[in-house]
There are 2 protein chains.
Amino acid sequence: MKDIIEQYIRDVMDFPKPGVVFKDITPLLLEPKIMKLTTAELLALVDKEIDKVVGIEARGFFFGTLLADRLDAGFVPVRKPGKLPYKTYEETYELEYGTDALAMHVDAIQEGDRVLIHDDVLATGGTALAAAKLVERAGGKVVMFNFLIELTYLKGREKLKGYDVRSLLKY
Amino acid sequence: MKDIIEQYIRDVMDFPKPGVVFKDITPLLLEPKIMKLTTAELLALVDKEIDKVVGIEARGFFFGTLLADRLDAGFVPVRKPGKLPYKTYEETYELEYGTDALAMHVDAIQEGDRVLIHDDVLATGGTALAAAKLVERAGGKVVMFNFLIELTYLKGREKLKGYDVRSLLKY
């Protein structure tokens, strides 16, 4: 099934900057059958009870909402600061040059919630780790990371050491 | 059912700027039953064949993906310029002060596609109209606008005259 899904992922050269090959999942979203197949395959990686699915802005919202739907879990959007209207926790993280930050509503996760964190791509892992810290600050337990694509050569998995990291497609 | 859904929409004062009351749908996303109920109610507004669901960045991605799933339609994200990796069409539109723009991949919509455009909130209608122009530029037909919330006092519906505009909750 993975080789079918891979056919709908497009390599875009030099995005967002020269030398980077970007994995574009939008062709996959255009095909309802492939979208459902991908959702089912992501779901097959989940072997624990999940109360909340966290989706990372913005491409993590696509399969994040679908996973929440299939798992009968709540959905929590994690966004850039200033985008969420209510009170938030914020986490700053390092980039190659400078820093960036993520925010989550303070009432999104309850003490003891079992949380799955989803994003389309695991790259260096900085964003994913920041999302985990937000969940933990709110008292939640990160039960699993669930990615559609893992760029193994960027070693994001090492940054997420100690967590259960699952990914459907590895490059 | 609408009164149940309304209980999960939070008014946030002075966001994104003083004097504005923001309709925050994130409490609704936290409750799987209410998320499914809302999806079903949005779906009940649809009485035509749909090939593609367009979701407007970023809150339009939540129920946009779920609607595409239920309708067995493709999903097309419409985003701010610079966010989509492949070749795009762009549409500029007027704001109260200045302009803004939206982009869509050139291969997202095929000639003759019947398109539903979804966003969480219909406000002044500027963004929604720009999304419609993108769809039409690609040869698609905007069969319906489908909003979770309509802020009727902002008269967005007038800007979308000639289109079939459906909304679940009116304020």
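A salt bridge here is a side-chain nitrogen of Lys or Arg within 4 Å of a carboxyl oxygen of Asp or Glu. Keep that in mind while you work through this predicted model.

**Exercise 1. Work out what kind of pair Arg59(B) and Asp120(B) make, and which parts of the chain they join.**

Step 1: Check the distance. The N to O gap between the two side chains is 2.6 Å, and the cut-off is 4 Å. So Arg59(B) and Asp120(B) meet in a salt bridge.

Step 2: Find where they sit. Arg59(B) is in the loop between strand S3 (52-56) and H4 of chain B, while Asp120(B) is in strand S7 (residues 114-122), so the bridge ties together parts 61 residues apart in sequence.

Step 3: Look at accessibility. Under 20% counts as buried. Asp120(B), at 2%, is buried, whereas Arg59(B), at 26%, is partly exposed.

**Exercise 2. Describe how chain B is related to chain A.**

Step 1: Turn chain B by 180° with a shift of 0.0 Å along the axis, and it can be laid on chain A with an RMSD of 0.0 Å.

Step 2: Name the relation: that's a two-fold axis.

Step 3: Compare the surfaces. 100% of the interface residues of chain B are also interface residues in chain A, so the copies meet through the same surface.

**Exercise 3. Describe the interface between chain B and chain A.**

Step 1: Start with contacts. 37 residues of chain B touch 37 residues of chain A.

Step 2: About 3,100 Å² is buried between the chains, and carbon and sulfur atoms give 64% of it.

Step 3: Count the charged pairs. There are 8 salt bridges between the chains. One of them joins Lys36(B) to Asp69(A), with the closest N and O atoms 3.6 Å apart.

Step 4: Ask who contributes. H4(B) gives the most to chain B's side, with 7 residues. By class, that side has 20 nonpolar, 5 polar and 12 charged residues.

Definitions and conventions
Residues are numbered from 1 along each chain as its sequence is written. Chains are lettered from A and ligands numbered from 1 in the order in which they are written. This is a predicted model: local features need pLDDT of at least 70, side-chain atom pairs count only at pLDDT 80 or more; totals for chains, interfaces and linings use all residues. Side-chain values use heavy atoms; hydrogens and water are left out. Copies are superposed by least squares on the C-alpha atoms of residues with pLDDT of at least 70 in both. Contact means heavy atoms within 4.5 Å. Buried area is the accessible area (1.4 Å probe) that two parts lose on being put together, summed over both. Helices (H or I, at least four residues) and strands (E, at least two) are DSSP runs, numbered from the N terminus. Ala, Val, Leu, Ile, Met, Phe, Trp, Tyr, Cys and Pro count as nonpolar, Asp, Glu, Lys and Arg as charged, and the others, Gly among them, as polar. Buried means under 20% relative accessible area, exposed over 50%, partly exposed in between (1.4 Å probe, protein chains only).
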